[in-house]
Amino acid sequence: MNTSQNTLIAPAQALQNSDRMLKLLIQWREAGWLRAIDVALARLLADTLEDAPSLALLAAALCSHQVGRGHVCLDLAALMDDPSAVLGMPNDNHHDDEGVCRPEALVQALTLGQWQQALQYPPLLSLGAPLICRVQRVYLRRYDHAEALLAEHLLKRLAPLEGVDAALLTDTAARLFSAQDEDLGKADQMRACVTAAQSRFCLITGGPGTGKTSTVLKLLALLLSVHAQQHPEDSLPRIRLCAPSGKAAARLTDSLAQRLDELDLGQIQDPERIKAAIPLQVDTLHRLLGRRLGKRQPHYNAERQLPVEILIVDEASMVDLEMMADLLQALPAQARLVLLGDKDQLASVEAGAVLAELYESQRPTLCERVVTLRHSYRFTADSGISLLANAVNQGDAPAVEEIFQQDREDLDRQRLDTLHDQYFSQQLCSIVPSGGYGAYLLQLKKQRPAPNSADSEYQRWAKEVLQTHQQFQILAAVRQGTRGVEGLNRHIAELLYVASFIDAKEGWYEGRPILVTRNDHVLGVMNGDIGVVLMVPEKDTDELRLRVAFLRPELEGGVLWVSPARLQSVESVYALTVHKAQGSEFAHTMLVLPEHPSPVLTRELVYTGITRASQRLSLVEPGSSEVLQSALKRRVARASGLAHRLDQQP
């Protein structure tokens with residue numbers, strides 16, 4: 001930090017005028033406590049609003065800072081109660097020693113009345129001002145607008161749905177859920193189907209393996225069958241399925257195809273027609289709405305609405321406020337909307353925690369449209385992964401310790417002072433399927449087709465390598481640091497190179513797993529897609545070339561091949577952030593926690609990381625349990641006014 005050219009600003013000085021406040025904000029940016037965009041917003045306010053109060057500039061910078069952390073607004077009451085917890089600034093004593101006033105110190109010297117008085121500055125109340133204060137919440141205008149729109153459209157969807165034949169609906173549902181299906185899990189699924197069929201809005205939530213995909217298929221069969229019986233001469237309703245990311249969309253596509261083959265519709269009328277009408281294509285929300293790079297308004301919007309009667313949104317916890325508002329505006333008034341997700345997972349990367357707020361709303365008509373699936377078909381009652389996930393979700397630290405002490409087969413815990421420990425390298429290089437990365441890399445070399453093999457042989461080989469690769473994944477809570485994604489990717493590449501599993505550790509090389517970080521509809525790859533670099537013969541010449549293989553069950557051969565030169569937004573993915581892993585599942589997950597407690601390391605993040613594992617979880621901690629204990633105490637509490645708007649409006 002360079003403060004030699006900037007006189008250090010004391011809190012009292014910063015409150016005197018806007019110029020001194022801007023100087024203090026710049027010092028906070030240099031200290032790493034604010035982003036450049038946070039300071040730029042405050043400067044814009046100072047330049048456009050004459051004599052703007054210094055507190056209004058501070059509110060603008062802190063509000064922008066909070067949006068960058070996923071909050072929809074700056075909650076002034078919460079800020080006054082616990083500034084450190086609300087702002088989540090890093091604890092860096094180095095800058096304290098230099099005499100820089102910390103943001104928390106300035107906030108502690110203020111009262112709620114001072115904030116509210118400053119934010120009543122007349123130009124701020126004018127139409128078009130970038131900042132809006134609603135009682136104790138300070139919004140950037142775009143997020144206030146999105147929140148108001150979302151609340152308005154949701155409330156309209158809670159009105160009773162006309163034309164529902166309750167007797168026909170109940171009878172058809174009973175046929176779908178036959179006598180042999182009568183267990184606790186199927187009872188919840190049936191209730192979810194009936195609730196969704198009777199409403200224009202329904203939220204179905206449940207943990208991993210609770211049957212959300214099976215419920216969706218039976219819901220669609222129920223809606224299609226009832227419609228066909230009520231309107232035999234009409235065409236069947238138009239259905240669209242979507243998910244927030246390409247990875248989540250691909251996983252739902254695979255799951256639907258598998259479950260549809262197993263779906264028994266023999267008890268309902270015209271089962272073959274109904275089954276054929278259930279779509280298997282799942283789009284990303286971006287593609288569904290027609291969001292275009294550089295354009296704020298998507299192709300489908302309030303004026304040009306989606307041609308759909310039934311819309312299913314999977315992994316809804318990942319959908320941010322603005323995306324959900326855009327979706328609700330583009331959806332016809334009479335269309336049914338069903339949100340699926342796990343309320344306990346991480347919220348969206350962008351601002352908002354819509355699914356969690358809808359679940360927690362106290363509005364009776366909304367509560368009636370929320371159904372929770374509780375029975376897990378993936379884990380047995382004594383599954384260590386399931387028990388651990390539940391204990392973490394409850395923040396029960398003693399239970400977490402007890403579960404690990406029981407030496408369960410599906411759980412492994414290691415406290416490592418350094419990742420140069422032999423355990424880490426042995427686990428990483430394991431050639432046992434789902435044991436480590438050595439398995440797919442050995443398979444890549446040992447099962448490579450002969451030079452003159454047919455294309456189908458290379459397709460089969462690539463598909464098997466990709467499937468083996470997907471059995472094991474290292475997850476990290478953070479990006480930076482030796483135990484963050486960036487440090488882990490470098491360290492793992494070095495270990496695999498030394499062990500002769502790969503021939504290079506930088507650039508493009510065979511065996512490198514890559515993550516797509518931006519949608520490319522021309523190539524057919526989506527943000528979140530994972531591929532593996534393989535050496536395959538060029539057509540017509542048989543010259544070996546590097547190509548990236550992606551699993552694509554819908555394509556002949558099951559593999560999409562892309563030249564590395566055409567992939568512009570990718571990164572190595574030996575380690576993946578927990579955020580990026582949402583919507584994915586791995587037989588064996590290794591969750592690596594950082595060296596020190598962090599504001600981003602929360603109960604929800606640990607729970608999400610644990611539940612990516614279907615068969616085995618390995619937890620790698622620093623030498624002490626301080627980091628995990630700290631995470632169990634910290635919950636995601638995103639500031640927002642959505643629940644208030646939903647609960648308070650008539």
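Helix H11, spanning residues 166-176, holds both Arg175 and Asp171, which sit four residues apart, or about one turn of the helix. Helices here are DSSP runs of H or I with at least four residues, strands are runs of E with at least two, and both are numbered from the N terminus. The structure is a predicted model, so local features need pLDDT of at least 70 and side-chain atom pairs count only at pLDDT 80 or more, while totals for chains, interfaces and linings use all residues. Residues are numbered from 1 along each chain as its sequence is written, and side-chain values use heavy atoms, with hydrogens and water left out.

The term salt bridge stands for a side-chain nitrogen of Lys or Arg within 4 Å of a carboxyl oxygen of Asp or Glu. Arg175 has a relative accessible area of 40% and is partly exposed; Asp171, at 37%, also counts as partly exposed. For these labels, buried is under 20% relative accessible area, exposed is over 50%, and partly exposed is in between (1.4 Å probe, protein chains only).

Helix H24 (residues 455-469) has a pair of this kind: Arg460 and Glu464 lie four residues apart, about one turn of the helix. Their side chains meet in a salt bridge at 3.1 Å, N to O. Arg460 is partly exposed at 33% relative accessible area, and Glu464 is partly exposed at 26%.

Searching the whole structure turns up 28 salt bridges. One of them joins the side chains of Arg645 and Asp144, 2.8 Å from N to O. Arg645 belongs to helix H29 (residues 642-648) and Asp144 to helix H10, so this pair ties together parts that are 501 residues apart in sequence. Arg645 and Asp144 are both buried. The linking goes on from there: Arg134, Asp144, Glu147 and Arg645 are connected in a network of salt bridges.

Next comes the sheet. Three strands make up an open sheet in the order E1-E3-E2, with antiparallel pairing; two strands count as paired if DSSP finds at least two bridges between them. Strand E1 (73-75) and strand E2 (131-134) are at the edges with a single partner strand each, so one side of each has no neighbour in the sheet. On average, neighbouring strands of this sheet are turned by 20° against each other, direction ignored. Axes are lines fitted to C-alpha atoms, for helices over the stretch in contact, and angles run from 0 to 180 degrees between N-to-C directions.

E2 and strand E3 (residues 137-140) run antiparallel and are joined by four bridges. Leu131 has Leu140 as its bridge partner in E3. Helix H10 (residues 141-157) packs on the sheet and touches E2 and E3, its direction making about 105° with that of E3. Contact here means heavy atoms within 4.5 Å.

On to the domains, whose bounds come from an automatic or database domain assignment: domain 1 covers 11-135, domain 2 covers 150-378 and domain 3 covers 384-633. The C-alpha centres of domain 1 and domain 2 are 41 Å apart. Four residues from domain 1 and four residues from domain 2 take part in the contact. Between them, domain 1 and domain 2 bury about 260 Å², 70% of it on carbon and sulfur atoms. Buried area is the accessible area (1.4 Å probe) that two parts lose on being put together, summed over both. Val67, Gly70 and Val72 lose the most area on the domain 1 side, together 93% of what that side buries. The count of salt bridges between domain 1 and domain 2 is zero.
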